[in-house]
Amino acid sequence: MILVKAPQVSYDNEIMELVKVFFPDETVIITNKDDDSGSPELSGDDMVLTCSYVKIASGDISFSAVLMKGQDILCQYSTEAGSGAPQWHLNDGECISSTANGHKSNRIIKNGLKGCVFDLLASYTGKHPKWGALTGIRPVKLIHEMLDKGLDYESAKKQLLNVYKLHPEKAELLIRTARNQRPLIDMPYANKATVYIHIPFCSTRCLYCSFPSDLISRVSGKMDAYLDCLEQEMAPVMEQLASRGTEVDTVYIGGGTPTVLGHAHLERLLGIVQENIAQRFKLREYTVEAGRPDSLDRKKLQLMKDYGVTRVSINPQSMNQETLDLIGRSHTVDDIVEIYKQAREVGFDSINMDVILGLPGETEQHMRHTMEGIAALKPDNITIHTLAVKRASAWRESFRQYDPSRKGLAEGMAEVCEEWLYRLGMEPYYLYRQKYMLDHLENIGYAMPGKECLYNIQFMHEKRDIWAFGAGASSKIYYPEEDRLVRIGNVKNLDEYLSRADEMTEKKLKVLSNS
């Protein structure tokens with residue numbers, strides 16, 4: 001066990017997550033800030049990491065961290081700004097060090113303290129995790145913030161290397177992704193919005209999945225009621241947005257597996273979108289996350305095309321049949337190829353395919369086989385996910401997240417993917433990270449130029465409203481004057497959603513009336 005003491009700060013969870021990067025097999029906990037009365041009793045093998053900062057009279061800031069076992073100091077590290085210390089963050093578009101008199105922002109302290117902990121643990125373990133001291137989900141946002149404050153890409157890259165301790169490979173990946181995103185993100189105060197529609201149903205549950213969803217076989221009798229509630233929730237909000245002159249340009253239907261709906265229910269869903277959104281607004285992108293090939297047929301593909309869907313996802317996860325069987329996918333590799341060909345024949349010219357790094361039993365050779373099979377199809381987007389087994393997944397108890405024998409395997413598989421992606425002419429356009437990812441990697445979307453998924457960029461950039469409908473959907477309302485997001489979450493349980501849809505609607509209308 002490792003006990004973390006960071007009594008001066010409110011972001012001690014981020015420091016705890018940073019410690020977990022270096023010690024993935026250890027239990028890491030945070031002590032009570034006021035005293036040690038609530039702390040667990042330590043054994044002889046347990047360690048304590050303490051980090052702190054001191055504001056010196058001259059205006060400098062000194063950061064320190066120490067790792068101890070019992071009364072023995074295992075490692076200690078400190079840095080005093082003003083004596084060759086690194087520059088910590090930005091102010092009005094310029095790099096500043098903590099010697100800048102009178103300017104002691106929380107972010108300077110946060111970056112300095114996390115950087116100090118990182119240097120301590122890197123020195124003690126001999127490791128240098130490639131994502132450095134960054135623990136956030138959306139690291140590309142950091143680049144855009146730097147650019148918005150006047151830095152150029154080269155200066156932003158220096159910040160990533162020197163302040164956030166990133167490996168050059170990850171710094172370059174972030175810069176490259178931000179360059180591709182930059183022309184596609186909203187200008188400040190743009191009156192634009194996105195719609196997300198949640199269909200939390202699947203034919204079977206993949207063993208790695210942690211998303212809340214119901215099996216369609218259990219709830220098929222409730223689909224008419226669910227679509228009634230969706231329309232009830234969506235119609236007044238869309239009417240209000242249209243009356244305000246808001247530009248809704250992106251629709252994303254996700255899940256679950258939206259195409260698990262029967263033909264009649266799928267057509268009704270598409271009709272609801274047509275009446276309430278497509279006829280009112282000029283859409284640039286309309287995505288249906290078809291996902292599993294066994295949920296699709298030519299009739300459904302044609303239906304989506306006829307209703308104006310511009311982009312679909314057909315997600316194999318792997319092109320190795322033994323893996324598909326193991327993870328609970330009830331389709332074959334041939335099914336993937338066949339439904340993909342049908343989607344092209346129907347006329348879809350923007351098709352995404354997902355793969356997962358680190359699935360049990362797979363090696364770099366398996367990933368090479370997957371990428372060869374996908375490359376032969378020539379999709380427009382490929383999203384590379386890294387396996388992250390969370391508490392809600394069926395594998396939580398049986399899958400050993402940090403098996404030493406698999407260390408570095410996901411990273412090797414990522415290199416195989418990157419080789420194929422650049423060979424195909426694709427560029428990274430969005431990226432995010434999650435807890436529990438193998439080899440502390442990332443999820444990253446690649447696209448052919450001009451085929452980037454605008455919804456993915458908007459969702460991760462968090463600078464516009466996203467109005468979300470359905471059980472478990474979460475709207476994000478953006479207030480540009482304060483650079484602040486407000487989340488409006490719908491209840492997840494299906495029966496509860498059906499009985500409280502009017503309440504979900506009223507919450508959204510109240511936000512609209514107050515904004």
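I looked up the second largest cavity and recorded a volume of about 50 Å³. A cavity here is a set of points on a 1 Å grid over the protein atoms alone where a 1.4 Å probe fits but cannot get out, and lining residues have an atom within 4 Å of a point. The volume is the space filled by probe spheres set on the points, which are joined across faces, edges and corners.

The model is predicted: local features need pLDDT of at least 70, side-chain atom pairs count only at pLDDT 80 or more, and totals for chains, interfaces and linings use all residues. Residues are numbered from 1 along each chain as its sequence is written, and side-chain values use heavy atoms, without hydrogens and water.

I then noted the lining of the second largest cavity, which includes Arg-138, His-144, Leu-431 and His-461. Helix H3 (139-148) gives the most to this lining, with 3 residues; helix H14 (454-461) supplies at least two. Helices are DSSP runs of H or I with at least four residues, numbered from the N terminus.

I turned to the largest cavity, whose volume is about 60 Å³. Among the residues lining it are Leu-184, Asp-186, His-461 and Arg-464.

I next examined helix H15, residues 494-514. Its 21 residues should span 30 Å at 1.5 Å a residue, and the end C-alpha atoms are 29 Å apart, which agrees; the expected span is 1.5 Å times one less than the number of residues. Tyr-497, Ala-501, Met-504 and Lys-508 are among the H15 residues that are buried, that is, under 20% relative accessible area with a 1.4 Å probe, protein chains only.

Notes
Buried < 20%, exposed > 50% of the residue type's maximum accessible area, 1.4 Å probe, protein only. 1 Å grid on protein atoms, 1.4 Å probe; cavity = no way out; pocket = protein on both sides within 12 Å on 5 of 7 lines; lining within 4 Å.
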